[in-house]
Amino acid sequence: MITLGFNYSQMHDSSACIARDGELLFAVAEERISRMKQDARFPKHAIAACLEFAGVRPDELDFICSGWPMPGKTFATDMKCILRGQYPATYLNVLNSARLFASMAHQNGGFRRFTDIYGPTRAKTRFVDHHLAHAISAYSYSGFDDAAVVVMDGRGAWEASSIWHGRDGRLDHVLTIPWPNSLGLFYAQFTQYLGFVPNSDEWKVMGLAPYGKPGINLGEFISANHESYVVNAPLLFERKNGVSAIAKRLGPERTPESEIDDSFKDVAFAVQDACEAAMMALVKMALQKTNSRNVCMAGGVALNSKANGKIQASGMVDKIFVQPAAADDGVALGAALAPYLDNGGRLPMKPMRNAYLGPEYSNEEIEKALRTYKLRACKLDNVAVTTAEFLANGKIIGWFQGRMEFGPRALGHRSILADPRDPEMNAKVNNAVKFREWWRPFAPSMLKEAAPEYLESAFDSPYMILTSPVRQEKRAVIPSVTHVDGSARPQTVEKEIEPLYWNLINEFGKRTGVPVVMNTSFNLRGEPIVNTPTDAVRTFFSSGMDALVIGSYLVEK
Ligand SMILES: [Fe+2]
């Protein structure tokens, strides 16, 4: 059976994936191909890439599945919430909601677009409830037989958070907390208050939080007790005479790009703290209700690596799996497997071994791109050794190898790498390459074998989705990847899974005694991560990187 899953809501993160007999073959977000960040348009390029990779004609697909229910459900929820006073009855809200509904209905949720582009297909089409798609994406790829499954995001059509019980390849619904009682909404509203882009820049708030201090009480906006949380959505939405309820209580909103004074740092601290408490409560409730010791998580809120690290270290759970594409791009993965649940069926339960699910480019294709730009490049005998030498000499390297990652993190296939021992490296990479905010931490990639030596927890963290305190004595050894609160968001690299990247880090370790590199995504600020060799070359020459190691080739400036 060949199934295609896609995410298309016109809100953000369109994507597609393809699976054969339950084996995930390929997945890519539309933004990586279209080069428009968080592209919300119909994922036509992503679908074409899936079909091409699998060598499948559109008429050979058995199922095409959307990670959203039939158009109309979101609109109905909005209207119901307006009538109940949970969502402001403004002209703009009604108009936007109606416009989205009309557009999605006209496209039949995207299926009409598919046939317009690819012609008629014998494939069955399927709308999959949004949180079910997230839940499948977390459970089916976890490899756990029995697990509590927790989905937390901004919103589905009607869902905000949901709990499921995964057992023997089946997924039983336990409960749903309806929108707008939403952790994603809570975080997004404060992200906006802090002068960042909601539903996009939540990372920045999480990175800023450790610079703040406790003291601000957000109890009016969110509360959590031992078994759940409550978000006061009407108050979060409230705006009188142009002043939001948040600004009324905490002072004027921060102007984007302006200085960040201490009061905003303290708000970031309080927001992160409240979110962690709520996530902890939800996971605790899920474990109790399912009587399980394992947890699988997905939904955009599950990208909160700080909270995830605390959940893992809490002693509440034996095993944790956070699906690396936890945001909406990842619902494609769940949607594609939904047909397996039909007629009492079971999910394929094939654990995700890595997130390298995207396109790959051969040395010939790389050569072609280098020739087009008339670049002088040399072919390396040992890519890992040369790159390790460059890194040990303080160079900033663009590293482009193998299949592109699926999900927001670069995991050593489309990465910018540097020496984590240099306390100035954070600033150097920020100024020369990323042009991003000074307070956002960079993350380390380390040999899995070295993780216990450097970290207090999260020894198995292949997807950079959990944070861990760095051991006290190692903080000064890898200062540029240790955050101000002493934590790091590590990627632990396993030799069997990623031999080339493992070798590189190992070679760096042989030269420096530190088997850890600084790894940040290969992109410029505000742009998607590079996909093709051409993207890589352009980004390399638009930044202060010293060298580009692309396939077997080295390009220097
Ligand atoms: Fe979602």
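In which sense do strand β4 and β5 pair, and over how many bridges? Strand β4 (residues 63-66) and β5 pair in the parallel sense, over four bridges. This is a predicted model: local features need pLDDT of at least 70, side-chain atom pairs count only at pLDDT 80 or more, and totals for chains, interfaces and linings use all residues. Residue numbers start from 1 along each chain as its sequence is written.

**Terms**
- Strands (E, at least two residues) and helices (H or I, at least four) are DSSP runs, numbered from the N terminus.
- Two strands pair if DSSP finds at least two bridges between them.

**Five-stranded sheet**
- Five strands make an open sheet in the order β3-β2-β1-β4-β5, and the pairing is mixed.
- β3 (23-29) and β5 (124-127) are the edge strands, each pairing on one side only.
- From one strand to the next, the twist averages 15 degrees. Axes are lines fitted to C-alpha atoms, for helices over the stretch in contact, and angles run from 0 to 180 degrees between N-to-C directions.
- Ser66 has Phe127 in β5 as its bridge partner.

**Eight-stranded sheet**
- Eight strands make an open sheet, ordered β15-β24-β23-β16-β17-β22-β18-β21, again with mixed pairing.
- Its edge strands are β15 (377-379) and β21 (491-493), and each pairs on one side only.
- The twist here averages 30 degrees from one strand to the next.
- β16 pairs with β23 in the parallel sense, over four bridges. Gly398 has Leu548 in β23 as its bridge partner.
- β23 (residues 547-550) runs antiparallel to β24 (residues 553-556), and four bridges join them. Ala547 stands opposite Glu556, and Val549 has Leu554 as its bridge partner.
- β23 and β24 form a hairpin with two residues between them. In the turn, Gly551 has a positive phi of about 60 degrees.
- Helix α16 (residues 425-434) lies across β17 (414-418) and β22 (516-521), running at about 135 degrees to β17.

**Phe406**
- Phe406 sits in the loop between β16 (397-400) and β17.
- Phe406 counts as buried because 27 other C-beta atoms lie within 10 Å. The cut-offs, with C-beta atoms placed from the backbone, are 20 or more other C-beta atoms within 10 Å for buried, 12 or fewer for exposed, and partly exposed in between.
- Leaving aside neighbours within four places in sequence, Phe406 is in contact with Ala27, Val28, Ala325, Ala355, Leu357 and Gly358. Contact means that the C-beta atoms of two residues, placed from the backbone, lie within 7 Å.
- Arg371 is 35 residues from Phe406 in sequence and 28 Å away in space, C-alpha to C-alpha.
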